[in-house]
Amino acid sequence: MSPLNAEISRRRTFAIISHPDAGKTTLTEKLLLFGGAIQMAGAVKARGKARNTQSDWMKVEAERGISVSSSVMTYEYGGCAFNLLDTPGHADFSEDTYRTLTAVDSAVMVLDAAKGIENQTRKLFEVCRLRDIPIITFINKMDRDGRDPFELLEDIEESLALDVTPASWPIGMGRDFLGCYDVLGDRLALLEKGKTDQDHVEECAGLDDPKLDALLPAGAVEKLREEVPLAKGLCQEFDLGTFLEGHLSPVFFGSAINNFGVRELLKGLIAMAPPPTPRATEERLVSPGEEKVSGFVFKIQANMDPKHRDRIAFFRLSSGRLKRGMKLHHVRSGKPFNLHNPLLFLAQDRATAEDAWAGDIIGIPNHGSLRIGDALTEGEDLKFTGIPSFAPELLKTIRPEDPMRAKHLGRALRQLAEEGVARIFRPQIGNEWIIGAIGALQFEVLADRIRTEYDVPALLEASALHTARWIEADEAQTIKKFIKANSTEIAEDHDGHPVFLARNAWRMDQVVKDWPGVRFLKTKEQTR
Ligand code: G4P
């Protein structure tokens, strides 16, 4: 195997999706702990707190106890290199999540054993389904009294219309939780509270192995021998192909806070989760094993370090081996792009990446030259697809408290729009800006950031507008005519693309009927 293919096959790039409080942070922490990326549990939270003191934007995060920003962490375990992408835990940031999920090859869905499928789990799952992302389920908090495991499996199948199969089976629950039986590998893993180095694991020759009688109380063995065949009979058998297509989810049970089941999950990721998969472009499918480097930006985060006012583009390397100092081709501008300082994100630190391989996520510091959807290649003009913007469902107007600072506000808005924080529209007539969001919290984050990072106190006001649609037509002339006839309802987004702003649903229907040659789009590909 070539060094490139060897490196690709040991990479796993995945995200964790969950409803707030299911245990995503705890699980992330434990994954990093076992991966040697952090020395001490608590670091993920501590990192969060340290960040929370840095800006008011993060204050929104702290006050509401939600995670707004997504980030990436890289660690090694069992010979594999993992890129773990965090997703915002709040529905209002689903667009960010959607784009983050364009950069992963699989996802871990964390459920609280007492709650099963919750609102936000369902929403995030739907995003995964749109992209057929394979999902491994981790049912957490087994050390607490939760729901019956059969009921939980049924809940996943029914709520998500997703087939499941037990990868492990819990022995007891709550105070009586003793561990799990590895259904796929016939091993017994016993919970030893407070232990972090190794789980007590015993290889078994199947459920009839007398070892089980020696290690577990009689009642627990009897129940295990009854339940495992029953669960296997009720569920589909594990099939790698069906899992990779996103139709079957293997389910692990555990307790992240007790470090239990986390290694099994990591082993599951190594054994089942796919290495980097090909990525679609308008031109062709890009395979990770291609020698030439290519990749795309799926997220921009500004001011991660307020001392430096930096802007980091998160870049998924889609093919080849990237080396520091490479000169790449920036497809949108046609200009060369020097990769001076690509970053790898370790749990608490950033490190300069000397090289990276297809599937890796790197950070590229820049001053605004990179935008969401941008491609960097070794010369080929590629446009990666599937990184859309969504038409906002909520619209507000914004103006500076001090009218003299209108220009500053414009600059701040443009930069934040490039980051994908919210949509901005500049109506052709009048000098207000319209802000569009998918979720109301986005407005708060935006207003906070404009005030703290750009020092432009601004007023957000309710708008009488109903919806916004990007407009497109086959003939440039048609668009021109449409814009002329409806000039009071036309605005431009931050890329200069024309947008129709409708006052109400009736008006929207009316223009759709009156202008059959015009397409009114709810999403816009970022690459265009
Ligand atoms: P999130 O990122 O998905 O929102 O969840 P997080 O990890 O912050 O966990 C939510 C709460 O659940 C935390 O308690 C955490 O300690 C607890 N938790 C996580 N995993 C387990 C588990 O396996 N068993 C049990 N019993 N609890 C678990 P908290 O009281 O809200 O926060 P903290 O004060 O413990 O930090």
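This is a predicted model: local features need pLDDT of at least 70, side-chain atom pairs count only at pLDDT 80 or more; totals for chains, interfaces and linings use all residues.
**Notebook: charged residues**

Residues are numbered from 1 along each chain as its sequence is written, and side-chain values use heavy atoms, without hydrogens and water.

I then checked the partner of Glu76: a salt bridge joins Glu76 to Arg10, with the closest N and O atoms 3.2 Å apart (a side-chain nitrogen of Lys or Arg within 4 Å of a carboxyl oxygen of Asp or Glu). Glu76 lies in strand β2 (residues 72-77) and Arg10 in the loop between α1 (3-9) and β1, so the pair ties together parts 66 residues apart in sequence (helices are DSSP runs of H or I with at least four residues, strands runs of E with at least two, numbered from the N terminus).

Arg10 also forms a salt bridge with Glu7, at 3.1 Å between the closest N and O atoms. I read Arg10 as partly exposed, at 21% relative accessible area. Glu7, Arg10, Arg11, Glu76 and Asp360 are linked in a network of salt bridges. I found 30 salt bridges in the structure.

Next I looked up Arg507 and Glu489, whose side chains meet in a salt bridge (2.6 Å, N to O). Both Arg507 and Glu489 are buried.

Last, I checked Asp21, which has a positive phi of about 85° although it is not a glycine. Asp21 counts as exposed, at 63% relative accessibility.

Conventions: Buried means under 20% relative accessible area, exposed over 50%, partly exposed in between (1.4 Å probe, protein chains only).
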